[in-house]
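Please study the sequence and the structure before reading each solution.

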Amino acid sequence: GGDYRGDPSSALLEVLDPEQNGTFVDHFIEIPYDLSRAVFIATANTAETIPAPLLDRMELIEVTSYTENEKLYIAKEHLLAKQMEKNGINESKLQISDQALEVVIRSYTREAGVRGLERKLGEICRKVARKVYGDKNRKVRVTCQNLERYLGKARYSYDRKNEEDEIGIVRGLAWTSVGGVTLEIEVNIMPGTGQFQLTGQLGDVMKESAQAGISYIRSISDSYHIPKEFFKENDIHIHIPEGAVPKDGPSAGITLTTTLASLVTGKAVSPDYAMTGEVSLRGGVLPIGGLPEKLMAAQRAGITKVLIPFDNADDLEDVASEVKDKLKITPVKKVNEVLKLLLG
C-alpha cells in the first residue's frame, strides 16, 4: 500500500513491514510512475475561496443544486437504505413517510447537496436502532408528528413572500454556497441632508450596485415627477435583513434600484415578484450567475413571477422543469422595462 507524496513525476510507496503486525514503517522506495495521463479532480462548495493562481490552472465544472424532489428521491432510493444497513436495521423495522422526509430536507438541512441530509437520516436510524434493540417484533414509523423525537426542533425556516404590497420593499434573489436564497430589501427615507446609508453586512460590490442604482434613479427623476430637491433634503437608508449574514455581489442591483424607485414614487411593488440582475449606470440589466439555484429559492418562497436579465434566458435550459412550470419568468434588458411593469 502507499500514498503519493511530493514530486508529481514519481510516487513514494510506504513499505508494509510484516514483522510489525502489518503497520506502515518509515522506509520508502522511489518508483517512477507516469502521471501524464492522470486527471486530478477536486471539489469545493464555492470557487470564491480558491486562490486565483490555482483556479486559473483548473477547468471549472459547475454543478447545480439538487431540487427538493431530487433530494427526496435520493433519500428514498439510496441514503436511507445505506444508513439502515450501516446501523444494523432491517428494512422491515423502519419506515419514514415521504412527508417526514420533505420536512427533514426543508427544515433540518440547508445545503446544495445531500451530505447533511444523510447525517440526519443516520441520526434517525441510530435512535431507531436503540428502540428496536432486543425487541424483534417492534417496528417504527417516522412521520411529521413524531419527527421531533428523533431530530429535535427544526433548525431552518425559509422566508415566504409577503402577503401585502408595501412601498419600499422588494424581494431579490441571491446565490450562496448552500444554494439559492431570497433577499428582502428594505429602503426608508427621512428628512436630512442627502446622505446615503447601507446596512446588513453588505460587501463592497453590493454597495457599489446600490450607488449605481440611486444614480440611475436620480437621472430619470423627471420622468417620475420627483422634485430635484428630493435627494438633497432627504436621507436614504437601505437595509437587507439578517444583518449578521455577510452579503455581496452585483446581482441585487436591479432589486436595489426597484426598491428605491418604489420609495421615491410612493408606489408599492407586488409581493408576487422577485428579481435578479446587475444594473449599469445607464440602466442596462446585465447577466448574473447561479440562475437555477435562484429560481429554486423563488419557487420555494411562494414567488410566482421572476424577472431575469435577457442575456440569461439561455440558462433556463439548466433549470428543472418542476421549478420553471411554477414560475412566470420574464427576461428584461433595461431597468425602465422593470419599472414600467411594476410601478406603471
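This is a predicted model: local features need pLDDT of at least 70, side-chain atom pairs count only at pLDDT 80 or more; totals for chains, interfaces and linings use all residues.

**Exercise 1.** State how many cavities of 30 Å³ or more the protein contains.

*Solution.* Begin with the rule: on a 1 Å grid over the protein atoms alone, a cavity is a set of points where a 1.4 Å probe fits but cannot get out. Grid points are joined across faces, edges and corners, and the volume is the space filled by probe spheres set on the points. Under this rule, the count is two cavities of 30 Å³ or more. Residues are numbered from 1 along each chain as its sequence is written, and side-chain values use heavy atoms, without hydrogens and water.

**Exercise 2.** Describe the largest cavity and its lining.

*Solution.* Step 1: its volume is about 80 Å³. Step 2: the lining residues (an atom within 4 Å of a point) include E164, R171, E184 and Y273. Step 3: strand β5 (a DSSP run of E, at least two residues) spans residues 169–176 and gives the most to this lining, three residues.

**Exercise 3.** Which residues line the second largest cavity?

*Solution.* Step 1: this cavity holds about 40 Å³ of space. Step 2: its lining consists of I217, I220, S221, Y224, I226, A261, V264, T265 and L339. Step 3: helix α8 (a DSSP run of H or I, at least four residues), residues 253–265, gives the most, with three residues.

How values were computed. On a 1 Å grid over the protein atoms alone, a cavity is a set of points where a 1.4 Å probe fits but cannot get out, and a pocket is an open set with protein on both sides within 12 Å along at least five of seven lines; lining residues have an atom within 4 Å of a point.
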